[in-house]
Amino acid sequence: MTVESPEKLLVPVLSAFWDDPKSWTLETYRRHEGYQALHKALAMPPDDVIAYVKDSGLRGRGGAGFPTGMKWQFIPQGDGKPHYLVVNADESEPGTCKDIPLLYANPHSLIEGIVIACWAIRSNHAFIYLRGEVVPVLRRLHEAVREAYAAGYLGRNIQGSGFDLDITVHAGAGAYICGEETALLDSLEGRRGQPRLRPPFPAVEGLYACPTVVNNVESIASVPAIVNRGKEWFRTMGSEKSPGFTLYSLSGHVARPGQYEGPLGITLRQLLDMGGGMRPGHRLKFWTPGGSSTPMFTDEHLDVPLDYEGVGAAGSMLGTKALQCFDETTCVVRAVTRWTEFYAHESCGKCTPCREGTYWLVQLMRDIEAGKGRPEDLDKLNDIADNINGKSFCALGDGAAAPIFSSLKYFRAEYEEHIERQGCPFDPARSTAWADSSRTEVIA
């Protein structure tokens with residue numbers, strides 16, 4: 001991959017026809033090889049489909065990067081119980097914005113992927129758990145499911161295969177914790193969304209105490225292209241351990257924010273080249289490789305390969321590829337305070353480390369931002385975050401601790417300046433999108 005020809009790095013697959021008129025319709029999807037993969041998959045034994053996806057190297061696109069085919073393989077067969085596929089579309093982490101645009105522009109890629117996945121794991125009922133606030137997406141998803149039923153891609157005897165499948169679209173009530181797979185299952189069952197103790201894992205006892213696969217939207221939507229074009233084609237992109245294409249969400253102080261679909265292993269420097277760089281007259285200060293729950297990076301990490309191994313080796317996590325970029329006008333303390341407030345608000349309260357720890361992190365962060373902090377508060381911040389990290393019931397606590405640890409690592413001097421000056425040295429208005437006169441003139 002070279003910076004000299006950045007446009008050649010883009011690999012539009014899921015986003016290939018997002019700009020088509022009515023890209024979300026079945027007619028448009030069929031014009032772009034839609035449902036061809038389903039015919040190929042239904043002609044294969046279910047175990048062969050699982051092996052094919054496993055051999056492709058597809059890893060979960062929801063954050064953890066667990067191999068998708070291996071997760072399907074965990075479902076016990078011949079147990080006499082119903083099997084379920086649950087698609088996690090509860091996208092709600094600050095900075096993460098790939099699944100919702102995908103569902104809005106190309107919902108049939110998900111539906112086709114669901115049918116293939118359910119055929120593989122011998123499931124006759126799938127659920128899509130969508131964040132309820134995104135009503136336009138909910139409406140399009142309902143219409144896409146209706147079209148799929150009418151065309152014989154869902155329902156009884158799909159395409160004459162003898163395979164039956166129903167899809168239920170469920171709108172969540174808006175809780176970040178329901179993005180955690182077991183909390184999502186509890187919510188689907190009508191209970192308060194809180195993470196479950198594991199084991200048993202969902203593959204053994206998931207939805208309604210039956211074997212369940214929980215996958216991210218992008219993970220399932222990537223399956224049709226793999227089946228249709230071949231696992232070898234998929235492996236021509238990315239790296240050996242992180243093959244394939246993925247959606248990168250570029251946001252913040254960049255000239256052209258948006259979705260950039262490219263191979264795993266691309267760098268932020270290359271993505272910024274395609275996105276026009278930082279806003280004119282400014283430089284990159286810090287950024288997140290996978291949303292606010294991943295340890296932040298600085299401009300020193302511009303050339304870190306954005307795959308699971310590369311980002312992990314540099315001290316962070318690829319997560320959902322939510323690349324939030326902040327320039328030098330941004331106060332790190334202010335940004336981390338807002339993220340911490342989010343995690344404290346969204347904590348389900350089930351475990352003490354997260355429930356109490358995030359509360360006290362917010363109090364300390366607010367004091368430091370307001371100039372009321374003391375020097376010893378920095379060690380106290382680090383200590384509280386350490387008492388949350390790895391000790392909470394689910395990964396929400398780890399996500400709350402990550403920006404604390406990383407911001408103290410790279411910007412401790414900025415925290416100290418807040419304390420010494422007894423106030424914030426930054427002007428919040430300068431970090432707004434409309435702060436530059438040049439931008440104001442363009443908008444006007």
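This is a predicted model: local features need pLDDT of at least 70, side-chain atom pairs count only at pLDDT 80 or more; totals for chains, interfaces and linings use all residues.
**View 1. Domain 1 and domain 2 in contact.** The domain assignment, which is automatic or taken from a database, gives domain 1 (6–235), domain 2 (245–327) and domain 3 (332–429). Between the centres of domain 1 and domain 2, taken over C-alpha atoms, there are 26 Å. In this pair, 28 residues of domain 1 are in contact with 25 residues of domain 2, contact meaning heavy atoms within 4.5 Å.

**View 2. An open, parallel sheet of four strands in the order 3-2-1-4.** Helices (H or I, at least four residues) and strands (E, at least two) are DSSP runs numbered from the N terminus, and two strands pair if DSSP finds at least two bridges between them. Strand 3 (166–171) and strand 4 stand at the edges with a single partner strand each, so one side of each is left without a neighbour in the sheet. The twist averages 20° from one strand to the next. Strand 1 (residues 84–89) and strand 2 (residues 125–130) run parallel and are joined by six bridges, with His125 of strand 2 as the bridge partner of Tyr84. Helix 7 (residues 135–150) lies across strand 2 and strand 3 and runs at about 170° to strand 3; axes are lines fitted to C-alpha atoms, for helices over the stretch in contact, and angles run from 0 to 180 degrees between N-to-C directions.

**View 3. An open sheet of five strands in the order 6-5-9-7-8, with mixed pairing.** Strand 6 (258–263) and strand 8 (297–298) are the edge strands, each with a single partner strand, so one side of each is left without a neighbour in the sheet. Strand 7 (residues 284–288) pairs with strand 8 in the antiparallel sense over two bridges, and Phe286 stands opposite Thr298 in strand 8. Helix 14 (residues 332–346) lies across strand 7 and strand 9 (322–327), at about 15° to strand 7.

**View 4. The lining of the largest cavity.** On a 1 Å grid over the protein atoms alone, a cavity is a set of points where a 1.4 Å probe fits but cannot get out, and lining residues have an atom within 4 Å of a point. The structure holds one cavity of 30 Å³ or more. Of the 13 residues that line the largest cavity, Ser347, Cys348, Cys351, Cys354 and Cys394 are the closest to its centre.

View 5. Most residues other than glycine have a negative phi, and most peptide bonds are trans. The peptide bond from Arg198 to Pro199 is cis, with omega near 0°, and the bond from Pro199 to Pro200 is also cis, with omega near 5°. Tyr208, which lies in the loop between helix 8 and strand 4, has a positive phi of about 55° although it is not a glycine.

Terms used: Residues are numbered from 1 along each chain as its sequence is written. Side-chain values use heavy atoms; hydrogens and water are left out. On a 1 Å grid over the protein atoms alone, a cavity is a set of points where a 1.4 Å probe fits but cannot get out, and a pocket is an open set with protein on both sides within 12 Å along at least five of seven lines; lining residues have an atom within 4 Å of a point. Grid points are joined across faces, edges and corners, and a volume is the space filled by probe spheres set on the points.
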